Amino acid sequence: MLDALTMALGTRRPAAGLIHHSDRGCQYPSLAFGRRLQAAGLVPSMSRVANCWDNAVAERCFATLKGELVDRQAWPTRAAAARHLRLYRRLLQPPAPPLHPRLSQPRRLRSRPSSHPDHGRGVTLKNDLVERCRTRTCPPYRGNIRMTAKAPALRQLAEPRRTATLLATVQRLERAALDDALDLLDVLLATKVLARAERKSREAAQETARGRLRAHSLALARFAAASTTLAAVVQLLLDATAVDDDLSLAQAWAALERAVPRSEVAAALAAVMELAGAAASSPPDEDGEAARRAELVKRYGTVRPFLPRLPEVVRFGAVAGGRAVLEAVRQLPGLLGRKLVGAEAIADGLVTGSWRRLVFPGSSPSDPRRAAVAGAAGLVDRRAYAVCVLEHLHRALRRRDVFAVESDRWGDPRARLLDGAAWARAKPEALAALRLPERPEAHLDALAQSLDAAYRDVAARLPANAALEVTVDGEGRERLRLDRLDADTESPTLVELRARVARMLPRVDLPELLLEVHTWTGFLDEFTHVSESGAPLDGLVLSVAAVLVAEACNLGLGPVVEPAAPALARDRLSHVDQNYVRAETIRAANARLIAAQAGIALARAWGGGLVASADGLRFVVPVATVNAGPNPRYFGLRRGVTWLNALNDQGAGIGAIVVPGTLRDSLSILDVLLNFEGGPKPEVVITDTASYSDIVFGLFRLLGYQFSPRIADLADTRFWRIDASADYGPLDGIARSRVNLQRIREQWPDLLRVAGSLVTGTVRAYDLLRMLGRDGRPSALGQAFAEYGRLPKTLHLLAFVDADDTYRRQIGARINLHESRHQLARHLFHGQKGELRQRYREGQEDQLGALGLVLNAVVLWNTRYMDAALTRLRERGHLVREEDVVRLAPFGFAHLNVHGRYTFTLFTPPAPGRLPSPRRAPVGRPDRTTSRCQHRTTS
């Protein structure tokens with residue numbers, strides 16, 4: 001132990017006062033050991049008798065070491081054992097930074113990040129692995145990297161796969177760390193810098209406006225009084241000269257001074273000149289951003305700590321539009337270390353608008369002394385310049401004009417597009433799947449004919465359309481005004497049928513519901529171990545069902561643990577949660593539920609699965625996390641995420657994605673649809689009123705979707721045409737804009753390549769849309785997508801305003817159904833005040849994925865029992881109208897108990913082949929808090 005202590009002291013060099021804690025082994029209270037501790041300035045500490053908790057950290061460390069390495073292998077020599085132990089420690093135990101001699105550990109953790117000698121060890125390890133792959137000619141390993149597997153699984157792999165797997169794992173971890181770092185940078189700039197500067201400048205502008213209003217009122221009173229005096233003097237002069245044209249100046253002044261003293265005239269003239277000069281000399285704001293950018297400069301201290309290391313840690317790349325920004329970022333570290341920075345050392349092209357007065361103090365008259373010094377020396381304000389460059393970098397990163405070379409979420413989407421031989425191989429299959437031709441002429445002609453026919457049909461029915469009105473604005477332009485739809489009336493038979501079916505649904509606890517749905521579909525069998533090897537656990541179905549209830553109800557494992565049942569013990573549930581419940585198993589289980597839903601006659605009466613709606617459910621995230629964003633409307637003073645999910649017209653959820661904050665939904669809907677989990681591919685996609693663009697319409701149409709968002713305001717919406725000479729009657733003044741087909745023809749091969757890359761999954765739609773749109777300044781390819789998207793967008797608008805309101809009512813009905821599903825989700829996700837408390841993106845996606853799976857199970861259970869109830873009613877001679885059946889919804893939850901105790905062991909599987917049996921309405925209702933599986937009755 002003395003040798004080990006000596007090695008630790010030499011390696012870590014701890015400061016005096018460090019506590020050395022141990023158990024009560026005989027070597028620790030020995031005289032030699034105590035003297036060595038005293039010489040090093042360490043304070044000895046020892047566990048109490050029969051108390052294992054004081055030394056639990058060390059015991060757990062050695063237990064892991066023995067279980068994963070020592071107990072599984074024997075070494076021929078001590079040197080071999082030492083080498084393996086060092087490698088194990090190097091891979092699995094991150095190095096601890098040394099304690100500063102003058103800072104305590106909590107204070108050091110609160111201090112700003114700094115460079116550390118051990119930071120380069122990860123790079124060294126990666127370089128060693130790359131060199132080993134080269135020397136052993138390792139093939140590139142593209143298999144599934146088991147991130148949750150332990151070290152012994154890696155040791156059992158044969159070379160060269162072991163080294164290749166380790167290298168691929170390190171590279172994946174490196175990319176994940178880079179993504180998280182850039183996410184953190186984005187959140188920091190968006191919330192701590194840009195948003196606060198915007199708020200402060202707005203508050204300052206409001207206060208300035210109030211002060212100016214008060215000053216303006218006083219100045220106006222002075223100006224009015226002075227002007228009255230001067231007006232009286234001028235009037236007297238005019239009256240005097242009207243009587244005698246030869247009046248001398250002395251006689252004129254004598255006449256004026258009898259009415260107004262000369263001193264008052266001079267004071268009035270001075271006041272008028274002063275007030276007029278002050279109004280003319282106010283400095284103009286070139287772009288309306290001066291106040292906000294001045295506030296940004298004040299937050300230089302927030303970004304100063306990481307600016308020098310940013311281009312060193314992150315390997316950035318750029319396209320033509322971002323090269324100037326990237327070059328300026330790379331030059332920043334050298335400029336920040338200098339006291340004086342000349343104008344020749346900066347990228348002058350980035351300093352535009354109101355930034356010039358901040359970066360070049362010599363051009364600002366607000367501080368004459370500073371302006372004189374800076375102007376004479378040709379110096380710039382390096383703080384203002386650094387913040388200016390950082391603002392350009394943030395904007396360029398979001399547009400992907402600047403990108404991180406080794407990042408997934410912040411990489412270059414252009415580099416992921418299919419190209420060359422890869423696109424040549426994928427092109428025939430992709431175009432066949434999308435039903436797109438290689439030449440655009442026939443395709444565009446068909447769209448032109450559809451658009452012309454739609455204009456003429458809507459114009460012909462316009463006199464009968466009482467909800468639509470053509471108005472003329474102040475500039476003489478025609479605009480459309482559309483009245484809101486009246487609520488659909490519900491027939492008495494529909495109200496009675498809905499109530500009767502609801503009373504016939506048996507009460508059920510959530511655990512029993514999941515287990516019963518499993519007997520129909522076997523969806524819980526899709527949850528396999530992450531290693532995909534080994535025999536299944538006994539009682540695995542119960543364990544998975546318990547974990548799903550804990551995740552979907554947001555309760556944690558505590559309420560579902562039953563120590564008496566091995567399948568429901570805490571350690572078993574924790575093991576299943578970590579190794580069985582993950583994204584791919586949830587996806588496979590959802591596919592089974594979606595297929596089972598489509599097989600029910602009632603679901604087929606609702607639709608064929610070809611119409612989908614997409615909407616977001618907001619969750620407050622009260623814990624510190626990068627993957628959350630602010631929005632006072634939904635989250636108050638805290639942050640949150642949006643669970644963007646898609647629902648088909650059969651009631652099944654077909655996909656979902658977690659979006660930080662409330663980013664534009666239309667940018668992420670495509671990612672949900674392109675990765676749908678089951679059922680047929682939707683053809684129509686309905687969304688609520690959200691931010692959409694012509695580019696979004698174009699991408700949806702190329703990928704085979706009809707994008708149908710609800711339109712909130714038609715006043716500023718533009719309608720497009722192709723034939724400039726076509727006569728559309730009363731709609732002629734509305735269709736003022738013309739589509740540029742030539743731009744579409746020129747970019748058609750690239751449009752096809754983008755669509756093919758999206759449908760094959762090589763690029764994310766969100767990244768691509770940000771890159772094409774470029775914050776309102778689209779690229780040439782983005783402009784071609786916009787021109788193409790104006791055709792389906794105008795078709796959608798014409799159908800939306802048509803006298804036949806079936807299309808508009810269908811959109812509203814689908815959105816209302818989606819809101820009903822969200823109410824059911826809120827009912828399930830009731831624990832911890834309905835707040836999502838996962839700190840990491842993966843945890844949020846897994847928990848909300850479990851919620852989506854349980855939602856589909858509840859909907860399937862409801863649909864099947866509702867179908868059985870309708871069958872029973874028809875058998876008994878009740879009137880069941882088909883037009884009423886299609887308006888039923890499977891999202892009711894009055895019969896579903898998700899509170900109280902959760903029991904999984906009382907469930908009795910139904911007999912094979914037995915159909916669900918609804919019941920009649922009961923006389924009384926058991927208490928919801930004590931409802932258990934045995935309370936359910938059937939008839």
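Student: Is Arg-618 buried or exposed?
Tutor: In this predicted model, Arg-618 is buried, because its relative accessible area of 16% falls under the 20% cut-off.

Student: Where is Arg-618 found?
Tutor: Arg-618 belongs to strand S8, which covers residues 611–621.

Student: Which side chain does the side chain of Arg-618 join in a polar contact?
Tutor: The partner is the side chain of Thr-642, and the polar contact is 2.7 Å.

Student: Let me step back to the whole protein. How many helices and strands are there?
Tutor: The protein has 34 helices and 16 strands.

Student: And what share of the residues count as buried?
Tutor: The protein has 939 residues, and 42% of them count as buried. As for the surface, the accessible area comes to about 48,600 Å², and carbon and sulfur atoms account for 54% of that.

Student: Of the contacts between residues at least 6 apart in sequence, what share join residues at least 24 apart?
Tutor: The share is 74%.

Student: Where is the place of Arg-315?
Tutor: Arg-315 sits in the loop between helix H13 (310–313) and strand S3 (316–318).

Student: What does Arg-315 touch, not counting residues up to four places away in sequence?
Tutor: Arg-315 touches Phe-403, Ala-404, Val-405 and Glu-406. With Glu-406 there is also a polar contact between the side chains, at 3.3 Å.

Student: New topic: Asp-767. Which helix does Asp-767 lie in?
Tutor: Asp-767 lies in helix H30, residues 765–773.

Student: Why does Asp-767 count as buried?
Tutor: Asp-767 counts as buried because its relative accessibility is 1%, and buried means under 20%.

Student: What is Asp-767 in contact with, leaving aside its neighbours within four places in sequence?
Tutor: Asp-767 is in contact with Arg-400, Asp-408, Arg-409, Pro-413 and Arg-416. The side chain of Arg-400 also makes a polar contact of 2.9 Å with the side chain of Asp-767.

Student: What about Arg-774, where is its place?
Tutor: Arg-774 is in the loop between H30 and helix H31 (780–800). At 19% relative accessibility, Arg-774 counts as buried.

Student: What does Arg-774 touch, again not counting residues up to four places away in sequence?
Tutor: Arg-774 touches Arg-399, Asp-401 and Ser-779. Arg-774 and Arg-395 are 8.9 Å apart from C-alpha to C-alpha, and 379 residues apart in sequence.

Student: Which residues line the largest cavity?
Tutor: The lining is made of Leu-189, Val-193, Leu-194, Leu-296, Val-303, Val-387, Leu-390, Glu-391 and His-394. Two elements each give two or more residues to this lining, namely helix H8 (161–243) and helix H17 (382–399). H17 supplies the largest share, with four residues.

Student: How many of the lining residues are nonpolar, polar and charged?
Tutor: By class, seven are nonpolar, one is polar and one is charged.

Student: And helix H28, how many of its residues are buried?
Tutor: Eight of the nine residues of H28 (694–702) are buried, so the helix is mostly covered, where buried means under 20% relative accessible area. The buried ones are Asp-694, Ile-695, Val-696, Phe-697, Gly-698, Leu-699, Phe-700 and Leu-702. Just after H28, Gly-704 takes a positive phi of about 90 degrees.

Student: Which phi value does Asn-554 have?
Tutor: Asn-554 is not a glycine, but its phi is positive, near 60 degrees. Asn-554 is in the loop between helix H22 (540–552) and helix H23 (570–579), and it is buried at a relative accessible area of 3%.

Student: Then Lys-833: buried or exposed?
Tutor: Lys-833 is exposed, with a relative accessible area of 68%. Lys-833 lies in the loop between helix H32 (806–828) and helix H33 (841–875). Although Lys-833 is not a glycine, its phi is positive, at about 60 degrees.

Key
Residues are numbered from 1 along each chain as its sequence is written. This is a predicted model: local features need pLDDT of at least 70, side-chain atom pairs count only at pLDDT 80 or more; totals for chains, interfaces and linings use all residues. Side-chain values use heavy atoms; hydrogens and water are left out. On a 1 Å grid over the protein atoms alone, a cavity is a set of points where a 1.4 Å probe fits but cannot get out, and a pocket is an open set with protein on both sides within 12 Å along at least five of seven lines; lining residues have an atom within 4 Å of a point. Ala, Val, Leu, Ile, Met, Phe, Trp, Tyr, Cys and Pro count as nonpolar, Asp, Glu, Lys and Arg as charged, and the others, Gly among them, as polar. Buried means under 20% relative accessible area, exposed over 50%, partly exposed in between (1.4 Å probe, protein chains only). A polar contact is a pair of N or O atoms within 3.5 Å; within protein, one must be able to donate a hydrogen and the other to accept it, and residues adjacent in sequence count only if both atoms are side-chain atoms. Contact means heavy atoms within 4.5 Å. Accessible areas come from the Shrake-Rupley method with a 1.4 Å probe; for residues, only the protein chains shown count as cover.
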